[in-house]
Amino acid sequence: MTTSMYGEEFAAIYNRRWGLWSRMMWPLIAAHVPAAGLRRPQWLDLCCGGGTLLRLAAEHGYEVTGVDQSPFQLAHARLAAPAAQLVEGDILRLNLGREFDVVTCVFDSLNYVLTARALNAVLRRVRRHLRAGGTFIFDLKTSAGFSGETSSVYEYGEGRVQFDCAYDARKKLYQLQVRGTVQRDGTSCSFEERHLQRAHSERVIAGALARNGFQFRTFDAETQGPVHADARRVVYVARLGRHPQA
Ligand SMILES: C[S@@+](CC[C@H](N)C(=O)[O-])C[C@H]1O[C@@H](n2cnc3c(N)ncnc32)[C@H](O)[C@@H]1O
């Protein structure tokens with residue numbers, strides 16, 4: 001039985017079912033990053049998961065590095081994006097000792113950062129890994145997005161997974177329990193994971209960005225246009241103006 005997040009079984013299911021979000025978002029992302037030419041801009045994807053965005057960026061001429069805390073997600077990323085440099089680690093402790101032209105963190109990965117203080121700490125790390133004038137693109141699921149989630153069952157060839165979710169709108173905390181069985185080498189194997197995510201308020205996000213020297217624009221992830229009050233996911237395109245004091 002596995003209990004840590006994005007263990008072997010869930011990572012396999014995740015990349016089979018949800019791995020393609022960044023492909024849908026690529027037009028919006030590509031419109032806001034420097035074009036790759038003779039100079040290959042350096043791209044860092046935080047919480048890279050199974051490497052879909054790394055693969056796209058590499059295919060478009062960027063030199064790519066991915067960070068994720070799940071070794072099982074990184075195993076998928078290694079297959080999806082063989083040219084990527086991959087680092088296992090926690091984005092709260094990110095310290096690669098170099099700067100990039102672009103940093104991304106997509107598909108509600110930053111909702112896993114649970115407090116305003118921790119979100120600010122991540123942005124401070126991002127700032128240290130970006131060149132002045134560099135771009136940080138991320139998205140966050142909103143309260144409306146989490147409220148709309150429903151429990152479900154996913155059945156496929158090798159297994160069955162049950163997703164039970166609950167959203168506490170007052171605390172803005174979303175809990176997902178994943179329980180499943182998969183067939184491996186002819187035996188049935190059970191797994192269980194608990195995920196906790198937060199819907200950060202616009203005030204907290206804007207404050208953390210401003211404090212770290214970013215100017216930003218927002219887009220509704222579903223329409224890739226202006227953000228409406230009931231948007232379920234918001235994409236932030238943030239530019240680092242200068243390197244403020246740490
Ligand atoms: C919803 S998935 C998104 C994966 C990928 N960005 C995509 O678009 O498919 C969230 C990912 O964030 C990773 N993650 C969550 N918290 C993290 C942390 N503190 N440091 C590093 N990775 C983290 C998980 O392991 C998982 O791969």
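**Close-up views of a predicted model**

View 1. The ligand is surrounded by 22 residues. Cys47, Gly49, Gln69, Ser70 and Phe107 are the closest. Two helices, H2 (21–30) and H3 (52–59), each give at least two residues to this shell. By class, the shell holds 11 nonpolar, eight polar and three charged residues.

**View 2. Packing of helix H1 on helix H4.** H1 spans residues 8–17 and H4 spans residues 71–80. Their axes lie 8 Å apart, at an angle of about 40 degrees. H1 is therefore oblique to H4. The crossing of the two helices is right-handed.

**View 3. Residues in the contact of H1 with H4.** H1 contributes Glu8, Ala11 and Asn15. H4 contributes Phe72, Gln73 and His76. Sorted by class, this contact has two nonpolar, three polar and one charged residues.

**View 4. The two assigned domains of the protein chain.** Domain 1 covers 8–144 + 201–240 in the domain assignment. Domain 2 covers 145–198. Taken over C-alpha atoms, the centres of domain 1 and domain 2 are 23 Å apart. Their contact takes 14 residues from domain 1 and 17 residues from domain 2.

**View 5. The side of domain 1 that touches domain 2.** H1 and helix H6 (143–147) are the elements that give two or more residues to this side. H1 supplies the largest share, four residues. By class, this side of domain 1 has five nonpolar, three polar and six charged residues.

Conventions:
Residues are numbered from 1 along each chain as its sequence is written. This is a predicted model: local features need pLDDT of at least 70, side-chain atom pairs count only at pLDDT 80 or more; totals for chains, interfaces and linings use all residues. Axes are lines fitted to C-alpha atoms, for helices over the stretch in contact, and angles run from 0 to 180 degrees between N-to-C directions. Angles under 35 degrees count as roughly parallel, over 145 as roughly antiparallel, 65 to 115 as roughly perpendicular and the rest as oblique. A crossing is left-handed if the near helix is turned anticlockwise from the far one by less than a right angle, and right-handed if clockwise. Two residues are in contact if their C-beta atoms, placed from the backbone, lie within 7 Å. Ala, Val, Leu, Ile, Met, Phe, Trp, Tyr, Cys and Pro count as nonpolar, Asp, Glu, Lys and Arg as charged, and the others, Gly among them, as polar. A residue is near a molecule or strand if its C-beta atom, placed from the backbone, lies within 6 Å of it. Domain bounds come from an automatic or database domain assignment.
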